[in-house]
Amino acid sequence: MLWLMRFSGFFSAAMLLILLSPSLQSFHPAEAIRSSHLDAVLRLPLQTSPLSFRRAAPFRNADKCASNRTSIPENTSVCDPSLVHVAITLDVEYLRGSIAAVHSILQHSQCPENIFFHFLVSETSLQSLVKSTFPQLNFKVYYFDPEIVRNLISTSVRQALEQPLNYARNYLADLLESCVGRVIYLDSDLVVVDDIAKLWSTSLGSRTIGAPEYCHANFTKYFTAGFWSDARFAGAFMGRRPCYFNTGVMVIDLVRWRKHGYSRRIERWMEIQKSDRIYELGSLPPFLLVFAGHVWPIEHRWNQHGLGGDNVKGSCRDLHAGPVSLLHWSGSGKPWLRLDSRRPCPLDALWAPYDLYGHSQ
């Protein structure tokens, strides 16, 4: 009973935050997910296939959008300059999260028909599932060959961090068409509760990537003692003020990335890791080595991260202070698993309305 009271209190506070925050009211009220859907999505799925999703409701552009199509034509060009480009990985284990992320973006966008999704996959059987769930969606699937990085990946603190698809973001500049000059990369364990066009329009100044930075974090912990004691490695940060940033939400200038060959620079640090063991955390440290101190800082509202419990099983987190545009369940605890086990954290209720898992009703 005490747990239920706490859950009710946290849930009410979190929902009140969303209702009161101006940044979360950019979508049309008629297009918002109604709270009456919450009870249904909180229930355990009944004998559903792991690849069974309900069809999303139709979406359409507001009158002010550059394009107001009634449907997405099959020949829509990825090079259309009016498009907002979003890249997300798709795999069976995190598919439920990816579908929810896409759903949340569409629900809160003023111009959902102007969003082009680039799905990175290592298995080609998921395209038809995306199409059946989002019949109007403007998207393309890109195959990422796991062999590209298999011999570069080192063991990590969690086996999930060793999956080759985690490294696909390193190669977005190669995978996506050359006419795509900018992309928003998003992890699969998040929901967007604001209009993603605001993130898309963020200036990057002279930087290649933009992300929320956390300069108060202990940056030294992301690398081994051996790294910091060796001037060959620690000297990589000389002349810059490196800060931690989470690679699950990034705006990337692909033109600059291609020009400076950043994919190869990241690979080089992965090669060093294989022989010298300079970090423990999978795909994050190579990004820090290449970009930390050279990141364009984006408002923290765009990555309320750590909601997965910071790798501590059963650990629940609260929101950071300030407005919220994106909720990110980074860490080992995922909201869909906790909801299914009937042991959710309070903030998991904010992910649930975007969940499309289960048979049509």
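Biologist: Is Arg169 buried or exposed in this structure?

Modeller: In this model, which is a predicted one, Arg169 is buried, since its relative accessible area of 7% falls under the 20% that sets the limit for that class.

Biologist: Which residue does the side chain of Arg169 meet in a salt bridge?

Modeller: The general idea is to look for a side-chain nitrogen of Lys or Arg within 4 Å of a carboxyl oxygen of Asp or Glu, and here Arg169 meets Asp187 at 3.5 Å, N to O. Asp187 is buried as well, with a relative accessible area of 17%. Arg169 lies in the loop between helix 5 and helix 6, and Asp187 in the loop between strand 4 and strand 5, so the pair ties together parts that are 18 residues apart in sequence.

Biologist: How many salt bridges does a search of the whole structure find, and which parts of the chain does the pair of Arg96 and Asp355 link?

Modeller: The search finds 15 salt bridges. One of them joins Arg96 to Asp355, with the closest N and O atoms 2.7 Å apart, and this pair links distant parts of the chain, because Arg96 belongs to helix 3 while Asp355 sits in the segment after helix 13, 259 residues apart. Arg96 is buried at 9% relative accessible area, and Asp355 is buried at 2%.

Biologist: Where do Asp253 and Arg256 stand, buried or partly exposed?

Modeller: Asp253 and Arg256 form a salt bridge whose closest N and O atoms are 2.8 Å apart; Asp253 is buried, at 15%, whereas Arg256, at 25% relative accessibility, counts as partly exposed.

Biologist: Which residues are linked in a network of salt bridges?

Modeller: Such a network links Arg264, Glu267, Arg268 and Glu271.

How values were computed:
Residues are numbered from 1 along each chain as its sequence is written. This is a predicted model: local features need pLDDT of at least 70, side-chain atom pairs count only at pLDDT 80 or more; totals for chains, interfaces and linings use all residues. Side-chain values use heavy atoms; hydrogens and water are left out. Helices (H or I, at least four residues) and strands (E, at least two) are DSSP runs, numbered from the N terminus. Buried means under 20% relative accessible area, exposed over 50%, partly exposed in between (1.4 Å probe, protein chains only).
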